[in-house]
Amino acid sequence: MMSSRMAGSVLRRHAAGSRLFTASAVSPAAAAAVRPLLAGGDGVLPVMARLMSTSSSPSSSATPSPAKEEATKAAAKEGGDKKAVVINSYWGIEQSNKLGREDGTEWKWTCFRPWETYTADTSIDLTRHHEPKTLGDKIAYWIVKSLRFPTDVFFQRRYGCRAMMLETVAAVPGMVGGMLLHLRSLRRFEQSGGWIRALLEEAENERMHLMTFMEVAKPRWYERALVLAVQGAFFNAYFLGYMLSPKFAHRVVGYLEEAAIHSYTEYLKDIEAGKIDNVPAPAIAIDYWRLPAGATLKDVVTVVRADEAHHRDVNHFASDIHRQGMQLKESPAPIGYH
């Protein structure tokens, strides 16, 4: 057991070494609280540790650091107390470590990072079609066919706006499926076989499609309002459908992706025919898909169509697993996009 005098001497030596007991670091109230503690008590060390950790004040330091002096001078040059704040993220938090491209230029995107970019596999089979066999497959197929009719009437040949609407819907299933699988994994204390990540990556990939076509389409106000209505209805319908039958839900998405491939193929035909200007590709698309600097809209539509073909195969595969009586966790998820 350490005596109170020994404890006090130890504290004094410790404080002198770490410069905690200085007039500039301890407030008068904290100093008054310290004196009776140094006089006695076996619990001095823990109490003092807590006291000193809460009483020290960096702002009252007598000698400011060189970094602070430079910051003060910079603020004075900018106009006194005004501070320049750089906001480059959704939450308004400044990015401390600046990222760069391979050529040394600064990376300006915060919605994705350089290691999340990839080169799309444009050699994937675009003609593959899952022939409806079961009653559920036929219902899923005709649901998608019926949804195409009002879309064709509303957008007609305006494929840029059509793609924007398509991607706001296509990004929902992956998020809903990944979320429900995530919750089931938590409830049952079981692995997911990589399917949670695969579905969430699909949702993120579709969202990047939307960010790209927003630069191309420039939607009108009523088209934005339609997005709100369609996404709200589709999210709730797909959520209930996935709860009732994941097999059916994935089959619907598989056929939706087949419809998307068809739409993007028609989009490419109009570009090649000169009906739609083959404008330069948006900068976000060039960085995300690692396209050449001189890429055009045709290149963007080509890689997006390849992504949709991959989503088609993943969702039909997921539906086939459920049809065989297996869970997704029992069969590893397909390789991702990168």
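**Notes on the helix packing**

1. Start with helix α7, residues 195–217: at 1.5 Å a residue its 23 residues should span 33 Å, and the end C-alpha atoms are 32 Å apart, which agrees. The expected span is 1.5 Å times one less than the number of residues. Helices here are DSSP runs (H or I, at least four residues), numbered from the N terminus. Just past α7, K218 has a positive phi of about 55°.

2. A word on the source: this is a predicted model, where local features need pLDDT of at least 70, side-chain atom pairs count only at pLDDT 80 or more, and totals for chains, interfaces and linings use all residues. Residues are numbered from 1 along each chain as its sequence is written, and side-chain values use heavy atoms, with hydrogens and water left out.

3. Now α6 against α7. Their axes are 8 Å apart and the packing angle is about 160° (axes are lines fitted to C-alpha atoms, for helices over the stretch in contact, with angles from 0 to 180 degrees between N-to-C directions). The two are therefore roughly antiparallel; the cut-offs are under 35 degrees for roughly parallel, over 145 for roughly antiparallel, 65 to 115 for roughly perpendicular, and oblique for the rest. By class, their contact has 16 nonpolar, eight polar and four charged residues (Ala, Val, Leu, Ile, Met, Phe, Trp, Tyr, Cys and Pro count as nonpolar, Asp, Glu, Lys and Arg as charged, the others, Gly among them, as polar).

4. Helix α6 (residues 159–188) also meets helix α8 (residues 221–244): the axes come within 9 Å and cross at roughly 30°. That makes α6 roughly parallel to α8. Contact means heavy atoms within 4.5 Å, and the residues making it include M164, V172 and L180 of α6 and V230, F234 and Y238 of α8. The contact divides into 19 nonpolar, three polar and one charged.

5. How do α8 and helix α9 (residues 246–272) pack, and at what angle? The angle is about 135°, with the axes 5 Å apart, which makes α8 oblique to α9. F234 and Y238 turn up here too, among the α8 residues in contact, while the α9 side includes P246 and H250.

6. On charges, the count comes to eight salt bridges, each a side-chain nitrogen of Lys or Arg within 4 Å of a carboxyl oxygen of Asp or Glu. One to look at is R128 with D313, at 3.3 Å, N to O. R128 sits in the loop between α4 (66–79) and α5 (135–155) and D313 in helix α11 (residues 297–323), so the pair ties together parts 185 residues apart in sequence.
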